[in-house]
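Please open the model in a viewer and keep the sequence panel at hand.

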Amino acid sequence: MTTKPKAKSRILEAVHETASDLHRLGFIDKRKMQKYDVLCMEPIPEYGAERIRALRKNLHLSQAVLAAVLNTSLSTVRKWEIGDKKPSGPSLKLLDLIERKGLDAVL
């Protein structure tokens, strides 16, 4: 990968750095390097109702537009924002990506 993931610990950071060097030298292929990237990345944070609402408002999006961007239903976004449900799986990853990199990262 082109960007260095933020490691969970100093040990995993050292493992990732070593794997990156081995990849650069041709001893580890791209697929194996991607596995190290995933292993060493920090877990995705929780997204509660307030955080989702704040993210949506900061991006100046309606609930319907956010639902379309995340490929989910309007009622799901509404339930997230009132706290009846929490995002998981791909929706959680997309929310994290949008928060870190902006809306253009998923469009």
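How are H3 and H5 oriented to each other? The model is a predicted one, in which local features need pLDDT of at least 70 and side-chain atom pairs count only at pLDDT 80 or more, while totals for chains, interfaces and linings use all residues. Residues are numbered from 1 along each chain as its sequence is written, and side-chain values use heavy atoms, with hydrogens and water left out.

**First stop: H3 and H5**

Select helix H3 (49-58) and helix H5 (74-82); helices are DSSP runs of H or I with at least four residues, numbered from the N terminus. Their axes come within 6 Å and cross at roughly 120°. Axes here are lines fitted to C-alpha atoms, for helices over the stretch in contact, with angles from 0 to 180 degrees between N-to-C directions. H3 and H5 are therefore oblique to each other, given that angles under 35 degrees count as roughly parallel, over 145 as roughly antiparallel, 65 to 115 as roughly perpendicular and the rest as oblique.

Next, display the side chains at this contact (heavy atoms within 4.5 Å). Ala49, Ile52, Arg53 and Arg56 of H3 meet Trp80, Glu81 and Ile82 of H5. By class, the contact has four nonpolar, no polar and three charged residues; Ala, Val, Leu, Ile, Met, Phe, Trp, Tyr, Cys and Pro count as nonpolar, Asp, Glu, Lys and Arg as charged, and the others, Gly among them, as polar.

Centre the view on arginine 53, which lies in H3. Not counting residues up to four places away in sequence, arginine 53 touches Glu81 and Ile82. Its relative accessibility is 22%, so arginine 53 counts as partly exposed; buried means under 20% relative accessible area, exposed over 50%, and partly exposed in between (1.4 Å probe, protein chains only). A C-alpha to C-alpha distance from arginine 53 to glutamine 34 reads 32 Å, for a separation of 19 residues in sequence.

**Second stop: H4 and H5**

On the H4 side, the contact is made by Gln63, Ala64, Leu66, Ala67 and Leu70, and on the H5 side by Leu74, Val77, Arg78, Trp80 and Glu81. Seven of these residues are nonpolar, one is polar and two are charged.

Which residues have the most contacts inside the largest nonpolar core? They are Ile52, Leu66, Leu70, Trp80, Leu95 and Ile98, in a core of 14 residues. Such a core is a set of buried Ala, Val, Leu, Ile, Met, Phe, Trp, Tyr and Cys residues joined through side-chain atoms within 4.5 Å.

Select leucine 66: apart from neighbours within four places in sequence, it is in contact with Ile52, Arg56, Leu61 and Val77. Then move to serine 91 in H6. Serine 91 is buried, at 13% relative accessible area, and touches Leu70 and Trp80, residues up to four places away in sequence not being counted.

**Last stop: two loops**

In the loop between H3 and H4, select histidine 60. This residue has a positive phi of about 60° although it is not a glycine, and at 73% relative accessibility histidine 60 counts as exposed. Asparagine 71, in the loop between H4 and H5, has a positive phi of about 55°, again without being a glycine. Asparagine 71 is exposed, with a relative accessible area of 71%.
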